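Trainee: Could you take a close look with me at one part of this model and tell me how it connects to its surroundings? I would like the cut-offs spelled out as you go.

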Amino acid sequence: PNGKHSLISDWSVLCFESAAHYRLMVMSTAAILFYPVPFLAITFFATFKYSWLVKMYGSSFTTRTRFLFNRMRPELFYFGFWYNVRNFVLTLVPVIAPNYYALQVFLCSLVFLV
C-alpha cells in the first residue's frame with residue numbers, strides 16, 4: 001500500500017533501500033556468473049571446436065555432449081548452443097522485469113521470435 005517493493009517472504013527487506021537487498025543482489029549476480037555463464041562458455045567452446053573434438057575423442061565426446069548436439073540435424077549442430085542461450089535469456093526475463101507481467105510476456109515473445 002505504501003508503494004515500496006519488498007520481498008514476499010520477508011517484508012522487512014525493501015528492494016533497493018536496505019543493505020540486505022544489496023547483499024542478496026550481489027549473491028544472485030555471483031551465482032549467475034559462476035554457474036550459467038561458464039556453462040555457456042564451455043558449450044560455446046565445444047560447439048566451436050566440434051569437428052576437431054569429434055576427430056580427437058570420437059564416440060566418448062559425442063556421448064558426453066549428446067544433450068547439446070543430438071537434438072539437431074548433423075549439419076545444424078551449432079543450433080544446440082543457441083538453444084541454450086535462448087533458454088538462459090528466458091530465465092532472465094522474470095529477473096529483469098519482476099511484477100511487470102505485460103513486459104515479461106513481450107520479452108518472452110521477443111526471445112521466441114529471434
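Mentor: Happy to: let us begin with F81, which lies in helix 6. Helices here are DSSP runs of H or I with at least four residues, numbered from the N terminus. Before going on, note that this is a predicted model, where local features need pLDDT of at least 70, side-chain atom pairs count only at pLDDT 80 or more, and totals for chains, interfaces and linings use all residues. Residues are numbered from 1 along each chain as its sequence is written, and side-chain values use heavy atoms, leaving out hydrogens and water.

F81 has a relative accessible area of 9%, so F81 is buried (buried is under 20% relative accessible area, exposed over 50%, partly exposed in between, with a 1.4 Å probe and protein chains only). Leaving aside residues up to four places away in sequence, F81 touches L40, T43, F44, T47 and L68; contact means heavy atoms within 4.5 Å. F81 and F48 are separated by 33 residues in sequence, while their C-alpha atoms are 9.5 Å apart in space.

T43 sits in helix 2, which covers residues 36-48. Its relative accessibility is 2%, so T43 counts as buried. With residues up to four places away in sequence not counted, T43 touches F67, L68, F81 and N84.

Helix 2 also packs with helix 1, at an angle of about 15° and with the axes 3 Å apart. Helix 1 is therefore roughly parallel to helix 2. The contact brings together A31, I32, L33 and F34 of helix 1 with P36, V37 and P38 of helix 2. For these values, axes are lines fitted to C-alpha atoms, for helices over the stretch in contact, and angles run from 0 to 180 degrees between N-to-C directions. Angles under 35 degrees count as roughly parallel, over 145 as roughly antiparallel, 65 to 115 as roughly perpendicular and the rest as oblique.

Back to helix 6, residues 79-96: it packs with helix 7 at an angle of about 175°, and the two axes are 9 Å apart. Helix 6 is therefore roughly antiparallel to helix 7. On the helix 6 side, R86, V89, L90, V93 and P94 take part, meeting Q104, L107, C108, V111 and F112 in helix 7.

Q104 is in helix 7 and, at 17% relative accessibility, counts as buried. Not counting residues up to four places away in sequence, Q104 touches V93, P94, A97, P98 and N99.

L110 is also found in helix 7, which spans residues 101-113, but with 40% relative accessibility L110 counts as partly exposed.

As for salt bridges (a side-chain nitrogen of Lys or Arg within 4 Å of a carboxyl oxygen of Asp or Glu), the structure holds one. E75 forms a salt bridge with R73, with 3.2 Å between the closest N and O atoms, and both residues are exposed.

Notes: Helices (H or I, at least four residues) and strands (E, at least two) are DSSP runs, numbered from the N terminus.
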